[in-house]
Amino acid sequence: MAIRVTQTMLNNNMLRNLSNSMGSMDKYQQQLSSGKKINRPSDDPVVATRAMFYRSSLIQNEQFQRNVGEAQSWLEVSDNSLNEAGQIMQRLRELAVHSGDGALEKDSLQAMAKEIAQIRDHMGNIANQTVGGRYIFAGTDTTNPPFSDGKFTNTNTDEIVLEVNKGIRLPVNVLGTEIFSFKGKDGNDIFGLLDSIVKDLEEGKPVNDRLASIDEQIDNQLAVRATLGARMNRIELIKGRLESEEVNVTMLMSENEDADIAEVITQLKAQENVHRAALGAGSRIIQPSLVDFLR
């Protein structure tokens, strides 16, 4: 059965199609203005879902990079401190060897005692090294100085752990107990050894017989520093991976969200031509009135 098409139906269809055409031009205009394929999730739910995933990944990556930066600060300060401690221990060794010179008088040995006393005090300063106001050799008890009254009193052996990548958690601190509380075969830690050396020299006694104990402390420091170096290398590798991931995710996010400006301009021009043609056709569809014949 044939359907009767009225003038009202033609007018309504024309207006609806013109509205749709203008809606398409508005969409392309918004894409040009914002540079994005979509401006609301309803424009394309798939693109919107992927955009949320990529943005979440970037936020997570940024947090990991901040953690890596903090870890590097702790490890670099710790490494510099251990390097400084190693240098003054080598100076201590030189003085201990020199003290065995039989030609030295008591005054010379007492002068050595004064220098080694300064070395002892400086070693205490190293033990109290801080990063951002937190003591790096105090375990997790970072608010209290580990060295006080001439002794290393801290006994905290808990590590400060940061998550530097998904599922990867690394300790960022060096335990001071492994360095300053390490006891050699003579039963002394590093400060006890320094105290006994200063005392002997003040009494005019050579301390070249303490070389084995000094070497034990130096070897222990080197072992701790080697472990620290391996951790720093791993942090550096993780940092490089995070930077690469940031570039890749940003690129994927751009491909997912950003509009192809040249393509959008082409589509907008094409839609403008379609709209003009629709307007021309619509002007012929509208039923003439008496006014048209009176012109």
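## Close-up views of a predicted model

Among contacts (heavy atoms within 4.5 Å) in the protein chain between residues at least 6 apart in sequence, 71% join residues at least 24 apart. This is a predicted model: local features need pLDDT of at least 70, side-chain atom pairs count only at pLDDT 80 or more, and totals for chains, interfaces and linings use all residues. Residues are numbered from 1 along each chain as its sequence is written, and side-chain values use heavy atoms, with hydrogens and water left out.

**View 1. The chain and its elements.** Seven helices and six strands make up the secondary structure of the protein chain. Helices (H or I, at least four residues) and strands (E, at least two) are DSSP runs, numbered from the N terminus. Their order from the N terminus is α-α-α-β-β-β-β-β-β-α-α-α-α. The protein chain has 295 residues, of which 35% count as buried. Buried means under 20% relative accessible area, exposed over 50%, partly exposed in between (1.4 Å probe, protein chains only).

**View 2. The largest nonpolar core.** This core holds 51 residues. A nonpolar core is a set of buried Ala, Val, Leu, Ile, Met, Phe, Trp, Tyr and Cys residues joined through side-chain atoms within 4.5 Å. Met123 and Phe180 have the most contacts inside the core. Two or more residues come from each of α2 (45–98), α3 (106–127), β5 (161–165), β6 (168–171), α4 (190–202) and α5 (211–257). The most come from α2, which gives 12 residues.

View 3. Residues up to four places away in sequence aside, Phe180 touches Met123, Ile126, Ala127, Phe137, Phe152, Asp189, Ile190 and Phe191. The structure holds five aromatic pairs. Rings of Phe, Tyr and Trp (its six-membered ring) pair if their centres lie within 6.5 Å; planes under 30 degrees apart count as stacked, over 60 as edge-to-face and the rest as tilted. Phe137 and Phe180 form an edge-to-face pair, 5.5 Å centre to centre with 75° between the planes. Phe137 lies in the loop between β2 (134–135) and β3 (147–148) and Phe180 in the loop between β6 and α4, so the pair ties together parts that are 43 residues apart in sequence. Both Phe137 and Phe180 are buried. Ring pairs join Phe137, Phe147, Phe152, Phe180 and Phe191 into a cluster.

**View 4. α2 against α3.** The axes of α2 and α3 come within 10 Å and cross at roughly 165°. Axes are lines fitted to C-alpha atoms, for helices over the stretch in contact, and angles run from 0 to 180 degrees between N-to-C directions. The two helices, α2 and α3, are therefore roughly antiparallel (angles over 145 degrees). Residues of α2 at the contact include Ile88, Leu92 and Leu95. Those of α3 include Ile116, Ile119 and Met123.

**View 5. α3 against α4.** Here the axes of α3 and α4 come within 8 Å and cross at roughly 160°. That makes α3 roughly antiparallel to α4. From α3, the contact includes Leu109, Ile116, Met123 and Ala127. From α4, Ile190, Phe191, Leu194 and Leu201 are among the residues that take part.

**View 6. Ile160 in its loop.** Ile160 is found in the loop between β4 (151–152) and β5. At 18% relative accessibility, Ile160 counts as buried. Neighbours within four places in sequence aside, Ile160 is in contact with Trp74, Gly139, Thr140, Thr142, Leu170, Pro171, Val172 and Asn173. The C-alpha atoms of Ile160 and Thr142 are separated by 9.7 Å, and these residues are 18 apart along the chain.

Technical notes: Parallel < 35°, antiparallel > 145°, perpendicular 65-115°, else oblique.
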